[in-house]
Amino acid sequence: MMSGPILSLRGLRTWVVVGDVLDPSNPAYRVASSIESQGRLLYRVSPTLDPKEISLKKRLFKRFSDVPFDEANVDAVNLCVNYRIGMKVLEEMKERGIERCFFQPGADRPEAVQKVEELGIVYQC
C-alpha cells in the first residue's frame with residue numbers, strides 16, 4: 001500500500017466524509033462518527049443517498065459538489081468510496097482549494113494516488 005506524508009489532524013476543524021455515511025456497518029459511517037465526536041464540523045456525502053434524505057440542516061448530501069462551500073471552509077476530505085468516485089472528488093477538491101485528503105482502504109488505488117499527487121493535494125493512505 002502506498003502512503004503519503006503523515007498528516008496532522010490538529011487544526012483541521014471542517015471535514016467532508018465521502019462514502020456510505022448512513023450505514024453503521026460501513027467504514028464511512030465510523031469515520032464520520034469519529035470525526036464528529038471530536039467536535040469537528042462535518043459534512044457527509046453519500047453517493048448512494050436517496051434524494052429524499054438530502055438535508056442541509058443535517059449537512060448530508062448526495063454529491064460532493066452539493067456541499068455549501070460558500071459557507072464551509074473545508075480543511076480536509078476523507079474518501080471512503082470506490083476510487084472512481086474518489087478521483088472525481090479529487091478534481092473538485094483542487095477546484096475548491098481543499099489541500100488535504102485521507103484515503104481509506106479501497107479508495108487508495110494507485111490511479112487515485114497518482115491523481116492526488118498530480119493535483120498537488122497532500123494526502124495520507
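Predicted model: local features only at pLDDT ≥ 70, side-chain atom pairs only at ≥ 80, totals over all residues.

Biologist: Which element gives the largest share of the lining of the largest pocket?

Modeller: Helix H2, which spans residues 83-96, supplies four residues, the largest share. By class, the lining has six nonpolar, four charged and one polar residue. The volume of the largest pocket is about 160 Å³.

Biologist: Next, the interior. What should I look for?

Modeller: In soluble globular proteins, nonpolar side chains tend to be buried together. Here the largest nonpolar core has 27 residues, and Val77 and Leu79 touch the most other members. Strands S1 (14-18), S2 (41-45), S4 (76-79) and S5 (100-103) each give two or more residues to this core, and so do helices H2 and H3. Another core, of 14 residues, lies apart from it; Val21, Ile35, Leu49 and Phe102 are among its members.

Biologist: Which residues is Leu79 in contact with, leaving aside its neighbours within four places in sequence?

Modeller: Leu79 is in contact with Val18, Gly86, Val89, Leu90, Cys101, Phe102, Phe103, Gln104 and Ala107.

Biologist: How do I read a helix that has a buried side?

Modeller: An α-helix has 3.6 residues a turn, so residues three or four places apart point the same way. Take helix H1, residues 27-37, where Ala28, Val31, Ala32 and Ile35 are buried. These residues lie on the same side of H1 because they cover an arc of only 95° around the axis. The buried residues of H1 pack against S1, S2 and S4.

Biologist: And which residues are buried in H3?

Modeller: In H3 the buried residues are Ala112, Val113, Lys115, Val116 and Leu119. They cover an arc of only 160° around the axis, so they too are on the same side of H3. Their packing partners are H2, S5 and strand S6 (122-124). On the face turned away from the buried side, H3 carries the exposed residues Pro110 and Glu118.

Biologist: Lys115 is a lysine in that list. Why does Lys115 count as buried?

Modeller: Lys115 has 18% relative accessibility, and buried means under 20%, so Lys115 counts as buried. Lys115 is found in helix H3, residues 110-119. Not counting residues up to four places away in sequence, Lys115 touches Met87, Leu90 and Glu91.

Biologist: What comes just after H3?

Modeller: Gly120, which takes a positive phi of about 75°. Gly120 lies in the loop between H3 and S6, and it is exposed, with a relative accessible area of 57%. The C-alpha atoms of Gly120 and Lys94 are separated by 8.3 Å, although the two are 26 residues apart along the chain.

Biologist: Which residue has a positive phi although it is not a glycine?

Modeller: Arg59, with a phi of about 55°. Arg59 is placed in the loop between S2 and strand S3 (60-61).

Biologist: Is Arg59 buried, partly exposed or exposed?

Modeller: At 24% relative accessibility Arg59 counts as partly exposed, because that class runs between the 20% and 50% cut-offs.

Key:
Residues numbered from 1 in each chain as written. Heavy atoms only, no water. Buried < 20%, exposed > 50% of the residue type's maximum accessible area, 1.4 Å probe, protein only. Contact = heavy atoms within 4.5 Å. Core = buried A, V, L, I, M, F, W, Y, C linked by side-chain atoms within 4.5 Å. 1 Å grid on protein atoms, 1.4 Å probe; cavity = no way out; pocket = protein on both sides within 12 Å on 5 of 7 lines; lining within 4 Å. Points joined across faces, edges and corners; volume = space filled by probe spheres on them. Nonpolar A, V, L, I, M, F, W, Y, C, P; charged D, E, K, R; others polar. Arc of directions from axis to C-beta.
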